[in-house]
Number of protein chains: 2
Amino acid sequence: MRRPTIIDVAREAGVSKSTVSLVLQESPAVRSQTREAVRAVMASLGYVYNRNAANLRSSKIGLIGLVINDLRNPFFAEFATSLQMALAARGYATVISNTDEDAGLQAQVVASMIEHGVTAVVISPAFGQEEATFAPLKAAGLPVLQVLRKVDAGAFPFAAPDYRRGGLLAAEHLVERGARRIAFVGGLEGRAVTVERMAGYLSCLAAHGLTPLVLPGRASRAFGREAARRLASDHPDVDAAICFNDLVALGLLSGCAELGRKVGPEFRVVGFDDIEECAQSFPALTSVHCDIAGFGAEVAATVLAWLEDGTLPLPEVHTPVRLIVRASSGGVE
Amino acid sequence: MRRPTIIDVAREAGVSKSTVSLVLQESPAVRSQTREAVRAVMASLGYVYNRNAANLRSSKIGLIGLVINDLRNPFFAEFATSLQMALAARGYATVISNTDEDAGLQAQVVASMIEHGVTAVVISPAFGQEEATFAPLKAAGLPVLQVLRKVDAGAFPFAAPDYRRGGLLAAEHLVERGARRIAFVGGLEGRAVTVERMAGYLSCLAAHGLTPLVLPGRASRAFGREAARRLASDHPDVDAAICFNDLVALGLLSGCAELGRKVGPEFRVVGFDDIEECAQSFPALTSVHCDIAGFGAEVAATVLAWLEDGTLPLPEVHTPVRLIVRASSGGVE
DNA sequence: CAACATTATTGGAACGGTCCAAATCTGACA
DNA sequence: TGTCAGATTTGGACCGTTCCAATAATGTTG
């Protein structure tokens, strides 16, 4: 029960395999009558195109690799999903790999993707062992787009939302609302994303002569909950918090609910990323909107332009962000 | 700057391409000295295995297709991630496609996967147009595993957590705790998953002479929130709710918080799936634990056993579930 | 050291497409 | 009706691997 090949189709249709190939490629050279006849035979035989065979001769495989550091995080899941769907709409398939922040695993899955002949790679990298991942990509000469986090400056074009500005918007909003002791909660120290997201916060506080307070930690709900306790016990004077991301912020909300601490004008909380849940939580979470779905679609467009028209992407892109004000920071005035 | 092939390696190492091929396949037939020499040349030339070419001759491509109806839902994201990682650990790459419940899109991505030569497909299908998706899979003669939702009984082996039993456990727990007016919230009417999850609930209520109350709806946080309002206004006598899934339940918690309605012994809420967030919400959410990560790993093992040893999966598998009792249903007694 | 078993290695035909130069077919026009 | 340009179609080499039968190298033994 072998899959029929173009040769079977050709025999059945009474033409040569070259003609069948031309039909497959929608070549205008074949007579429409012939085209229809061949198409009919294909349908009746249940012919399926074999991309691997085609790729052997001319690399047009239409497979794109997507490497994600944490696919269970809704922010990355949303990004991966919107990117994958935008690619699918243009006929590309996507090999997705989660690395769980494991640089060794990342190097392995990237190697596997190269073996499978992906035509481009989009990667939100884990930290550490940059060479093990990036050297093979460089050697393969593939178009590679580094997104969401920059671990290897200059090696490959980079795109992400404008984290720095997001942090600034959040801090300015809180100061404007009257907060005077603003903490920055979550985010592992020293990492590029943390540094960026914190930079706007720090500069805003400096500009207003306020003292920063940083509680670094994992970007998880669990840490957010713990932070709520720590803030209440160790820093009761803190009247607002900017969280590294929404998971931390939502954990913080949950922790406050548990402690009976009211969130709103009394204690303002701002998240980062604006995942879908922000609008559904109670109180609804003010957050820096990164339009990650739009960002995913934009990344897809960038990759496809690179692949199909040879348009090189800009070395570094920061997409605009905006603050969505909801009840957790005191609401719209 | 062409990628080197086994022929280049062979020439450089002074052996035939067949020998290089044998080295690649870890054949015990090659002398270890030769093997080392060949390996050294590969490394120095930066040789990368071309799976497409290999696949042309013998189908061992190591690519598995995964089709998911809603990848943004944490439940499915967790499943996809754990399955993908288990496959990666065994050297397989995974092409993932989200369909957003669109059967037409699903048929399209499945066709694309077949073209790409996936060796097996795992699918959590969208509802509708079963033939468009399943007929090509059948025609391709691929191993296909239907998971999490059954839309096409009998066509392909099916595996899912034991939803029916989960519903039963949840209902029994609530009755035991003294709830007398128990609602079932969320889930689209008539769909297999809804029917299954509701069946245990209905039979338990019937056994205790209680009247069921069903509020069907989308499986989203937004619907859960709305349900909180509807329950409070239209059905004030309801003292407990079993939700179609955790998203609905978490939305319900959020809606109750907004209404100032206390969740716990006064109004018990149970979710379904036990996503990570359940333990972090306030109050912590009692939920039917499906061990979706373990389920993903198990599905991976099933597929690989099918592929590698020819072990046929059982036509229908229901993995065990258990109820995790937390504060939202009154907590551990 | 001949004879044979065993172990290593090899050439060449697949696999299913693409691509190109060459062959064939058309219809228009002199 | 012969000629020719343009439109169609075609044969065959090629892409990078696997696989198999055949050959070559090596070791063992009487």
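Domain bounds here come from an automatic or database domain assignment, and the model through which this tour leads is a predicted one. Begin by colouring chain A by domain, with domain 1 at 6-49, domain 2 at 63-156, and domain 3 made of 163-290 together with 323-329.

Next, select domains 2 and 3 of chain A, whose centres, taken over C-alpha atoms, are separated by 29 Å. Their contact takes seven residues from domain 2 of chain A and ten residues from domain 3 of chain A, and the two domains bury about 720 Å² between them, 66% of it on carbon and sulfur atoms. On the side of domain 2, show A:Pro74, A:Phe75 and A:Phe127, which lose the most area to domain 3 and together account for 60% of what that side buries. By class, this side of domain 2 has four nonpolar, one polar and two charged residues. Between domains 2 and 3 of chain A there are zero salt bridges and one residue pair in polar contact, counting pairs with both residues at pLDDT 80 or more.

Now move to DNA strand C and display the 29 residues around it, of which A:Ser21, B:Lys17, B:Ser18, B:Thr19 and B:Thr34 come nearest. Finally, colour the surface by class, which divides it into twelve nonpolar, ten polar and seven charged residues.

Key:
Residues numbered from 1 in each chain as written. Chains lettered and ligands numbered in written order. Predicted model: local features only at pLDDT ≥ 70, side-chain atom pairs only at ≥ 80, totals over all residues. Heavy atoms only, no water. Contact = heavy atoms within 4.5 Å. Buried area = accessible area lost by both parts, 1.4 Å probe. Salt bridge = Lys/Arg side-chain N within 4 Å of Asp/Glu carboxyl O. Polar contact = N/O pair within 3.5 Å; in protein donor to acceptor, adjacent residues only side chain to side chain. Nonpolar A, V, L, I, M, F, W, Y, C, P; charged D, E, K, R; others polar. Near = heavy atom within 4 Å.
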